[in-house]
Amino acid sequence: MKDISWQQLDLQWNWHPCAQMKDYESFKPLVIQSAQGCYLNLADGKKVIDAISSWWCKSLGHQHPVLKQALSEQLEKFEHVIFANTTNKIIVRLAEKLTQFMPHLTKVFYAGDGSCAVEIALKMSLHARVIGGEHLRRKIIALHNGYHGETLGALSVSDVGLYRQSYRAWLFEPVFVSPVYVTSAEDPKWETIESEWPRIEQSLAPYAATATALIVEPLVQGAGGMKLYSPDFLRRIAHWAKQHGIHLIADEIMTGIGRTGKRLACEYAGIQPDFVCLGKGLTSGWIPFSTVLTTESLYQTFYDEMNTGKAFLHSHTYSGHVLGARLALATLHIMETEHLYARACTLQTILRRLMQEVADKTGLLTNLRGLGAWVAADLVVPDPHQRWGYLVYQAAVHNTIYWLPPLTISDHTLSELKEITLQAILEVFG
Ligand SMILES: Cc1ncc(COP(=O)(O)O)c(C=O)c1O
């Protein structure tokens, strides 16, 4: 069947995510034939660079041979067994690895996607308050421009207007606080936000006794506009939360497992969250698999006889899915053996240089920012109501003025990506 037919059939039946389906009338879905490394091979013979790692999850690119091997070995044994009342060597070895991330995070709970991991952390926080009789602590503090997923709880704590507004009647309202933004580690506010802190602290003060948790995307806000904020802001707000007995939830679903050049972005601020949520890059985007890491003390809050009603009865059919666990183990192994944490740091310099070249040649990009293996810049647009970013995306089919490529991307592909971005911007803006 020709491409065009697949596209037509797709639109006859499928409803795509995060889309106004009418847009597909003029901009048809790409028909993927195969994918290899950083490239998507289309049915019409064209190749496209996966410059945003398929929504930030394909950190090791497509078809990594070690992951393929790990998956096929596991498939020879078993593919999924209920994780209530069973265990296996793979999930035990993964838990052992994950609890080495931060010594105080000693327990691991599993889910499928990132939103569900966020729901679990939120529910554990609230449930711990219920068990502890802390009836006043019900509020969540979240950050302006934060994003934590699409399920009702995760969406409640996200500050993304368009995604949120239609569901307001069913969402709970957190308190939103603005972080202090920077563009790089060279920005003086990277080191200290001392002069701004008293104002922020004052805005937090009314919630010191009523908040149960503070939820953040550490340093990098993805869906909220690829924004970077100061580690000193994170350090201070985490410290404030600890001082007041408020749980800290670090949503590392996008930032975790090397994206920022460290295993966890929290490490830049030297903080110790009560919960860390991981997803996406944990399996290098091979399988929906997410985790919540938490502390011994939170675990012990729930630990008692069944008839006390303290058990955390949250259940997902695919919790602890062994294929995900096997892929996560292999991903963590590859990150070390292929030195990809270091590569993410090197990519920071290369990506910035290349995006700066696009900015210089077009004169249309501003506020260039990045940390580790991503870079972003804002288009200077003549009419803010026009969807310029979308037009550039249509012209390039490669990017939306940010690059967040697989960590395995070559320097050659990066240069190619720069050229394509440049041409796309020039095409749209003449
Ligand atoms: C920081 C963050 N949290 C949560 C999510 C939700 O993850 P998922 O789409 O797997 O539910 C995302 C997805 O983009 C994310 O970037």
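User: Which residue in β2 is the bridge partner of Ile32?

Analyst: Happy to start there, with the note that this is a predicted model, in which local features need pLDDT of at least 70, side-chain atom pairs count only at pLDDT 80 or more, and totals for chains, interfaces and linings use all residues. Residues are numbered from 1 along each chain as its sequence is written, and side-chain values use heavy atoms, with hydrogens and water left out. Strands β1 (residues 32–36) and β2 (residues 39–42) pair in the antiparallel sense over four bridges, where pairing takes at least two DSSP bridges between two strands and strands are DSSP runs of E with at least two residues, numbered from the N terminus like the helices (H or I, at least four residues). The partner of Ile32 in β2 is Leu42.

User: Which residue takes a positive phi in the hairpin of β1 and β2?

Analyst: This hairpin has two residues between the strands. The positive phi, near 60°, belongs to Gly37.

User: And in the hairpin of β14 and β15, which residue takes a positive phi?

Analyst: Strand β14 (residues 365–370) runs antiparallel to strand β15 (residues 375–379), and four bridges join them. Gly370 has Val375 as its bridge partner in β15. With four residues between the strands, the positive phi near 75° is found at Gly372.

User: How are α4 and α13 oriented to each other, roughly parallel or roughly antiparallel?

Analyst: The axes of α4 (residues 65–75) and α13 (residues 322–337) come within 9 Å and cross at roughly 150°; axes here are lines fitted to C-alpha atoms, for helices over the stretch in contact, with angles from 0 to 180 degrees between N-to-C directions. Angles under 35 degrees count as roughly parallel, over 145 as roughly antiparallel, 65 to 115 as roughly perpendicular and the rest as oblique. The two helices are therefore roughly antiparallel.

User: How many nonpolar residues are in the contact of α4 with α13?

Analyst: Contact means heavy atoms within 4.5 Å. Residues of α4 including Val66, Leu67 and Leu71 meet residues of α13, among them Leu323, Leu327 and Ile334. By class (Ala, Val, Leu, Ile, Met, Phe, Trp, Tyr, Cys and Pro nonpolar; Asp, Glu, Lys and Arg charged; the others, Gly among them, polar), there are two polar and two charged residues, and the nonpolar ones number 10.

User: At what angle do the axes of α10 and α11 cross?

Analyst: In this pair, Trp197, Ile200, Glu201 and Leu204 of α10 meet Phe233, Arg236, Ile237 and Trp240 of α11. That contact has six nonpolar, no polar and two charged residues. The axes of α10 (residues 197–204) and α11 (residues 231–243) come within 11 Å, and the crossing angle is roughly 35°.

User: Does Arg129 count as buried or exposed?

Analyst: Arg129 sits in helix α6 (residues 114–132). Beyond its neighbours within four places in sequence, Arg129 is in contact with residues including Glu134, Thr212 and His247. Buried means under 20% relative accessible area, exposed over 50%, and partly exposed in between (1.4 Å probe, protein chains only). Because its relative accessibility is 4%, Arg129 counts as buried.
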